[in-house]
Amino acid sequence: MTDAALDALTNQQLIAAGSPLTRVYIEAAPGSGKTTVSAYRFGAQRFAVTSDRRAVVAVSFTRSATAELRSRVRQLWGRAAISPPHRIVTLDTIICDLLTHLLCQGVLRWPGGHTELEVSDTWSSRYSPGFTFGEPQLILQDNILVPAVTYHPRRGNYVSLHDFTAGVNEGRCTHSDVRAVLELAWNLPDVSACLTEYLAATTRALIIDEIFDANDLDLHFVELAAAAGVSVTVVGDPWQALYGFRGARPDLVPRLIEQADLTELQLSRSFRWRTPEQEALATALREREPITVQVGPLTGVDAVLAREWKPLWDIDPDVLPLAFRSATGNVQEAASTLLLNQLTRAAFGERAVYTNDALTTLQLDADAHSRLEPLLDEVLAALVGPQALDTVLDALHAAVTTESPRTMPGRHHSHRTRLRNLRARARRGTDNLIPGLTTHQAKGREWDAVAVHLKPGDAGALRLGLDQANEDHRKVYVALTRARSKTIAVDS
């Protein structure tokens with residue numbers, strides 16, 4: 001690392017990155033260099049002690065966030081910084097490691113006696129789900145994991161108990177299954193003792209990004225690491241906690257900070273704001289002051305944000321959302337997502353958000369996707385032309401099934417709606433399109449000018465001042481702090 005690199009850091013960043021404290025909480029405002037500081041702190045802890053061969057580990061909640069941090073660390077410290085055992089991975093990876101260790105030690109027993117598991121994001125890559133009340137899960141009988149069914153008051157997309165049982169007996173599962181097993185077993189004395197010993201023996205420093213997105217299990221893991229004597233650094237911003245729907249518990253983070261005796265360090269200076277107006281907006285939001293966001297045209301806007309995907313499709317045909325909705329495992333929707341991906345890549349050089357989920361649902365690997373892309377381009381060209389939507393829909397299904405073993409359903413009005421929305425965008429020409437993202441997808445990103453779709457109650461909340469404890473208000477805060485220069489409101 002060069003002296004020039006260090007000279008570029010503020011005093012706040014230098015203190016946070018190089019603090020010798022072993023228990024640290026870094027609160028980072030938008031644009032304050034959170035990832036930069038995490039990268040510096042990782043390297044500082046990695047090379048501070050050469051005699052201790054235990055790992056320095058950094059984790060975040062998404063693959064994209066870990067990839068970005070990994071890239072920064074390599075640039076600053078070189079590839080040796082993340083040579084084994086040191087690593088930067090998702091928290092799901094760490095959770096899987098914990099379960100693997102428990103299985104190897106015989107503290108828990110997996111069906112079929114497996115100690116190494118094949119973990120995927122969903123079951124739909126192997127089995128077709130059904131719309132049913134019964135969700136297959138693993139339950140704990142003594143220390144043995146057993147397949148069973150939990151019934152819910154509403155139907156959901158679940159694989160059958162027969163397929164689930166076959167899968168787990170072959171050592172397969174999903175990340176959700178891994179987490180569910182550890183949640184069941186976490187408070188067992190043998191489990192706690194085994195994992196404490198494991199962390200103490202293998203890990204000397206842990207950096208956790210976006211700590212306010214952590215759920216109960218994640219927070220238990222951090223507490224356990226601290227109890228095992230691991231140096232713990234957590235980084236985050238209570239104003240940007242958005243994942244309550246995934247079980248995040250930002251309300252419990254202050255307790256973690258207190259119980260783990262973490263010293264708070266601030267990154268309050270933002271480098272994002274390029275106009276006095278945008279800086280004043282961001283400051284007023286964080287200070288809970290009343291504000292009004294002016295409605296404006298989309299001219300010159302670099303991105304449009306909304307709380308959900310649907311409003312983005314209704315705002316303007318110049319807005320091309322990066323997804324139809326959250327991935328559901330629906331086969332036809334997955335096929336349409338691959339077509340959407342062709343358009344988003346042509347327009348923005350960016351993949352549609354749920355492309356990987358679509359490939360999983362359609363049981364396609366990277367090579368199959370590559371072979372499919374020329375056919376998808378032909379379908380997209382047909383969509384721009386005068387052909388009837390049903391004809392294009394049939395062409396899409398025929399193209400996808402040249403590579404996918406999945407059976408396409410019969411025509412449905414929702415299938416035509418997706419293609420109709422895509423046609424309106426494709427006919428505008430890729431140079432005229434503006435990316436549309438949800439607030440969740442926009443978190444961690446920034447643009448010069450941003451338009452935000454506000455729900456009816458949002459304007460009233462802004463006039464009264466946002467409440468940090470309200471997740472809907474936090475979503476508004478995140479959306480309104482993505483712009484460097486200008487933020488406007490937009491109507492659908």
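Guide: In this predicted model, the side chains of aspartate 97 and arginine 87 meet in a salt bridge with an N to O distance of 2.4 Å, a salt bridge being a side-chain nitrogen of Lys or Arg within 4 Å of a carboxyl oxygen of Asp or Glu. The model is predicted, with local features needing pLDDT of at least 70 and side-chain atom pairs counting only at pLDDT 80 or more, while totals for chains, interfaces and linings use all residues. Residues are numbered from 1 along each chain as its sequence is written, and side-chain values use heavy atoms, with hydrogens and water left out.

Aspartate 97 has a relative accessible area of 21% and is partly exposed, as is arginine 87 at 27%, where buried means under 20% relative accessible area, exposed over 50%, and partly exposed in between (1.4 Å probe, protein chains only).

A second salt bridge joins arginine 307 to aspartate 458, with the closest N and O atoms 2.6 Å apart. Arginine 307 lies in the loop between β11 (303–306) and α12 (309–315), and aspartate 458 in helix α19 (residues 456–464), so the pair ties together parts that are 151 residues apart in sequence. Here arginine 307 is buried, at 13% relative accessible area, and aspartate 458 is buried at 9%.

Arginine 428 and aspartate 318 also form a salt bridge, their closest N and O atoms being 2.8 Å apart. The partners are 110 residues apart, arginine 428 in the loop between α17 (413–426) and β13 (434–438), and aspartate 318 in the loop between α12 and β12 (319–321). Both count as partly exposed, arginine 428 at 37% relative accessibility and aspartate 318 at 23%.

Salt bridges that share partners also join Lys34, Asp209, Glu210, Asp213 and Lys443 into one network. Lysine 443 is found in the loop between α18 (439–442) and β14 (447–453) and counts as buried, at 13% relative accessibility. A polar atom of its side chain lies 2.6 Å from the backbone oxygen of glutamine 240. Leaving aside neighbours within four places in sequence, lysine 443 is in contact (heavy atoms within 4.5 Å) with Glu210, Asp213, Gln240, Leu242, Tyr243, Val478 and Arg482. Altogether, the structure holds 36 salt bridges.

Key: Helix = DSSP H or I, 4+ residues; strand = E, 2+ residues; numbered from the N terminus. Polar contact = N/O pair within 3.5 Å; in protein donor to acceptor, adjacent residues only side chain to side chain.
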